[in-house]
Amino acid sequence: MENSTSRVFEDFPGQYHLISAPGTAGLTPHIILQMSGQPYQLTLLNLRAGEQKTPAYLRLNPNGRVPTLILPDETKIFEAAAITMVLARAFPELGLCPDLPDDRALYDQWLVFLTNTFQAYYMLFRHPERLVGENTATQVAVAQGAAKRCEACLQILAKALEQKGPYLLGEKLSAADLYLAMICRWAARLPQPPRAFPALAALLDRINALPAVREVLLQEQIEGPLA
Ligand SMILES: N[C@@H](CCC(=O)N[C@@H](CS)C(=O)NCC(=O)O)C(=O)O
């Protein structure tokens, strides 16, 4: 692991290089890399210091956000869900990306729902100012509306787990569960947090117990469980 201060984003031919920041959308990719047991490079940025907005980083990821993944062939990709899908496919021995067509279809559904619906609403809850600027009353209205949409997402996820669990695809852990746990970490701020739903709490307990998750928390210097 490299905790770079020089912020030169090197390629490491033959290895994955994840550029992230503690506790952020890079968590799921980081957990998959750790589960792989293969050597990888990790650079943790200081978001408060604006390291995600430097010219060197913007050349990798024009959004100025983490995570970014540099692949062993030096391809650079952004978007946490895309990186998650790439890594889950890259390490088939982990079984995080299902082989069976029905399971694969559900896996695609949940990952897209998580990033496109739940994560998108959560960002509006957490950062309404990015949409409506400094008008406080409007910010409050957007955040309240987004919180309701997030809670509807949690209800859908909890119901799916009750019917099919303990994981989103049934008996087998997939990358979609790891992605869900990452969003649940942030969503603990919601008025009705994920742990208010017993099926979600049970899933989070299972994921917190994974050795790779504990190691990632240590590397990112995060105290307590993932979610
Ligand atoms: N849709 C992007 C969102 C990434 C994102 O919002 N990252 C946050 C951390 S979780 C970030 O980099 N924030 C710093 C900033 O916006 O300047 C993804 O899923 O990769």
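Guide: What follows covers a few helices, their contacts and some ring pairs in this predicted model.

Visitor: Start with α9. Which of its residues are buried?

Guide: Helix α9 spans residues 211–219, and its buried residues are Ala212, Val213, Val216, Leu217 and Gln219. They cover an arc of only 160° around the axis, so they sit on the same side of α9.

Visitor: And which exposed residues are on the face turned away from that side?

Guide: Pro211 and Leu218 are the exposed residues carried there.

Visitor: What covers the buried residues of α9?

Guide: The cover includes α1 (27–36), β2 (40–44) and α8 (198–208).

Visitor: What follows α9?

Guide: Gln221 follows α9, and its phi is positive, near 55°.

Visitor: On to α8, then. Which residues are buried there?

Guide: In α8 the buried residues are Ala199, Leu200, Ala201, Leu203, Leu204, Ile207 and Asn208.

Visitor: What do they pack against?

Guide: The buried residues of α8 pack against α6 (136–164), α7 and α9.

Visitor: Take α7 and α8. What is the angle, and how far apart are the axes?

Guide: Helix α7 (residues 175–187) packs with α8 at an angle of about 105°, and the axes are 10 Å apart. The two helices are therefore roughly perpendicular.

Visitor: Which residues meet?

Guide: From α7 there are Asp177, Leu178, Leu180, Ala181 and Cys184; from α8 there are Leu200, Leu203, Leu204 and Ile207. By class, the residues of this contact of α7 with α8 are eight nonpolar, no polar and one charged.

Visitor: What about α6 and α8, at what angle do they pack?

Guide: The angle between α6 and α8 is about 75°, with their axes 8 Å apart.

Visitor: Why call that roughly perpendicular?

Guide: Angles of 65 to 115 degrees count as roughly perpendicular, so α6 and α8 are described that way.

Visitor: Which residues make the contact?

Guide: α6 contributes Leu154, Ala158, Leu161 and Glu162, while α8 contributes Ala199, Leu200 and Leu203. The contact of α6 with α8 has six nonpolar, no polar and one charged residues.

Visitor: Change of topic. How many aromatic pairs does the structure hold?

Guide: The structure holds four aromatic pairs. One of them is formed by Trp110 and Phe113; this pair is edge-to-face, with 5.8 Å centre to centre and 75° between the planes.

Visitor: Where do Trp110 and Phe113 lie?

Guide: Both lie in helix α4 (residues 101–126), three residues apart, which is about one turn of the helix.

Visitor: Is Trp110 buried or exposed? And Phe113, buried or exposed?

Guide: Trp110 is buried, at 8% relative accessible area. Phe113 has a relative accessibility of 17%, and because buried means under 20%, Phe113 counts as buried too.

Visitor: Which geometry does the pair of Tyr122 and Phe125 have?

Guide: The Tyr122 and Phe125 pair is tilted, with 5.6 Å centre to centre and 50° between the planes. Tyr122 and Phe125 are three residues apart in helix α4, so about one helical turn separates them. Both Tyr122 and Phe125 are buried.

Visitor: Last one, Glu129. Where is it found?

Guide: Glu129 is found in helix α5 (residues 129–132). With 30% relative accessibility, Glu129 counts as partly exposed.

Visitor: What separates the C-alpha atoms of Glu129 and Gln139?

Guide: Those C-alpha atoms are separated by 5.9 Å, while Glu129 and Gln139 are 10 residues apart along the chain.

Notes. Residues numbered from 1 in each chain as written. Predicted model: local features only at pLDDT ≥ 70, side-chain atom pairs only at ≥ 80, totals over all residues. Heavy atoms only, no water. Buried < 20%, exposed > 50% of the residue type's maximum accessible area, 1.4 Å probe, protein only. Helix = DSSP H or I, 4+ residues; strand = E, 2+ residues; numbered from the N terminus. Arc of directions from axis to C-beta. Contact = heavy atoms within 4.5 Å. Phe/Tyr/Trp six-rings, centres within 6.5 Å; stacked < 30°, edge-to-face > 60°. Axes fitted to C-alpha atoms, helices over the stretch in contact; angles between N-to-C directions. Parallel < 35°, antiparallel > 145°, perpendicular 65-115°, else oblique. Nonpolar A, V, L, I, M, F, W, Y, C, P; charged D, E, K, R; others polar.
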